[in-house]
Amino acid sequence: MIEGFTALYIFMLAAFTGYEVISRVPVILHTPLMSGSNFVHGIVLVGAMVALGHADTTLEQTIGFIGVILATGNAVGGYVVTERMLEMFKSSKGGAK
Amino acid sequence: NVLIEGFYFLAAVLFILGLKRMSSPVTARGGIIWAGMGMVLATLVTFLYPNLGNLGLIVMAIMVGALPAWWLAKHVAMTDMPQMIALYNGMGGGAAATIAAVELIKGTQHSLIAQTLAVLGAIIGSISFSGSIIAFAKLQSIMKKSLLFANQQLINLVLFIITLALGVFIIIQGPATATVIIILFFSFALLFGILMTLPIGGADMPVVISLYNALTGLAVGFEGFVLGNAAMIIAGTVVGAAGTLLTQLMARAMNRSLGNVLFSGFGATGGQEMTEA
């Protein structure tokens, strides 16, 4: 379990990383990158799995079940959409670079 | 446990490197594959989590979620991609909210900070969920008009305050909170997300989707803290920060400020906005 200041340090470093990683992104990559980061927060699936895995009552299980469905949709859909966008990107723009 | 943490660490590294590659035209395509490998690793290793029950339900839910999402994403027209991002982003926000819901209803004893982050993640995730669904509906032309009514800004403010008040109540009450209050809290947060997005015109939607994308990232990071899951904290926070910057960049590329995009439906420029939308 991550507690107190350790968590704060992780938050801070991760925030700087996120900012730094895309600080020089060209305008044409805005939408694909939005899609890519949309896929990355699909990691919520891991949390949803844990939440459902530890659910006891029917209500908790139902909510957890919906959570895993939603999270999987985020991860899978996010991946396919990003891949399709970047694929198109390569054929039209990648050759020039 | 070392195995799980190790794989989560590897997944976090792959996510960051993947995003880094996606921010340059030359390496962009490799980036999504790196991030994808990270996701597969993290998901598989989660099955080894200690005391993980309901395994059948988990596998079933993954199937139910994955197949339609995959099929839809594969077959939708290229021009419809922005609303698909909105839809999948909303699902992520909703998932973060459900994690909070399960934790709150279960009444797990959390530290004050964890309980606060659970509630904050619930609010942000719910707003991102219902807001993204509205954004999807608008871009998909299911919903054509920007809904404007008298005192809209005031009503939204009141809704937001009620949501916050219920959230504070849940934080103070802790595990003793009645389920009814929790359901009410989520309902108000969802309603606020809907009403906040309704007045925004279709042309501004990409910026709004990017904002909700950042918010979902933040919600995922918060819920990661609640569950003590480092992979979620890192990936969520990275997306939260990157998404915020991206939102600003997109707004600037359109020669707009973010405040202008979010509140123009109410303000002096509202008239032009409506005819445009």
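1. In this note a helix is a DSSP run of at least four residues, a strand is a run of at least two, and both are numbered from the N terminus. On that basis chain A reads α-α-α-α along its sequence. Its secondary structure amounts to 4 helices and 0 strands. The structure discussed here is a predicted model.

2. Further values describe chain A as a whole. The chain has 97 residues, of which 57% count as buried. Among the contacts in chain A with a separation of 6 or more, 68% are between residues 24 or more positions apart.

3. The interface of chain B and chain A deserves attention next. In it, 91 residues of chain B are in contact with 74 residues of chain A. The two chains bury about 7,500 Å² between them, and 81% of this area is on carbon and sulfur atoms. Seven helices of chain B each supply at least two residues of the side that touches chain A: H1 (2–22), H2 (28–46), H3 (55–75), H4 (81–106), H5 (112–139), H8 (205–227) and H9 (230–253). The largest share of that side comes from H4(B), with 16 residues. Sorted by class, the side of chain B that touches chain A consists of 64 nonpolar, 23 polar and 4 charged residues.

4. The polar side of this interface can be stated briefly. The rule finds 17 residue pairs in polar contact across the interface of chain B and chain A, both residues of each pair being at pLDDT 80 or more.

5. The largest nonpolar core contains 116 residues, and A:Ile43 and B:Phe186 touch the most other members. The helix that gives the most to this core is H4(B), with 16 residues. Apart from neighbours within four places in sequence, A:Ile43 is in contact with B:Phe15, B:Met39, B:Ala42, B:Val220, B:Ala231, B:Met232 and B:Ala235.

6. A:Ser37 is found in helix H2 of chain A, which covers residues 30–40. Because its relative accessibility is 2%, A:Ser37 counts as buried, the cut-off being under 20%. With neighbours within four places in sequence set aside, A:Ser37 is in contact with B:Leu19, B:Asn213 and B:Val239.

7. Over all chains, a search of the whole structure finds 1 salt bridge. This salt bridge is formed by B:Asp204 and B:Arg256, whose closest N and O atoms are 3.0 Å apart. B:Asp204 lies in the loop between helix H7 (179–197) and H8 of chain B, and B:Arg256 lies in the loop between H9 and helix H10 (258–263) of chain B, so the pair ties together parts that are 52 residues apart in sequence. Both B:Asp204 and B:Arg256 are buried.

8. B:Val261 counts as buried because its relative accessibility is 1%. Not counting residues up to four places away in sequence, B:Val261 touches B:Ile200, B:Asp204, B:Val207, B:Val208 and B:Arg256. B:Val261 and B:Ala203 are 58 residues apart in sequence, while the distance between them in space is 9.7 Å, C-alpha to C-alpha.

9. B:Gln115 is found in helix H5 of chain B. With a relative accessible area of 6%, B:Gln115 is buried. Its side chain reaches the backbone oxygen of B:Ile170 at 3.4 Å. Not counting residues up to four places away in sequence, B:Gln115 touches B:Leu104, B:His110, B:Ile170, B:Ile171 and B:Gly174.

10. Two backbone angles should be noted. Most residues other than glycine have a negative phi. In B:Asn54, however, phi is near 50 degrees, a positive value in a residue other than glycine. B:Asn54 is found in the loop between H2 and H3 of chain B. Phi is likewise positive in B:Ser141, near 65 degrees. B:Ser141 is found in the loop between H5 and helix H6 (152–173) of chain B. With a relative accessible area of 41%, B:Ser141 is partly exposed.

Key. Residues numbered from 1 in each chain as written. Chains lettered and ligands numbered in written order. Predicted model: local features only at pLDDT ≥ 70, side-chain atom pairs only at ≥ 80, totals over all residues. Heavy atoms only, no water. Contact = heavy atoms within 4.5 Å. Buried area = accessible area lost by both parts, 1.4 Å probe. Polar contact = N/O pair within 3.5 Å; in protein donor to acceptor, adjacent residues only side chain to side chain. Nonpolar A, V, L, I, M, F, W, Y, C, P; charged D, E, K, R; others polar. Core = buried A, V, L, I, M, F, W, Y, C linked by side-chain atoms within 4.5 Å. Buried < 20%, exposed > 50% of the residue type's maximum accessible area, 1.4 Å probe, protein only. Salt bridge = Lys/Arg side-chain N within 4 Å of Asp/Glu carboxyl O.
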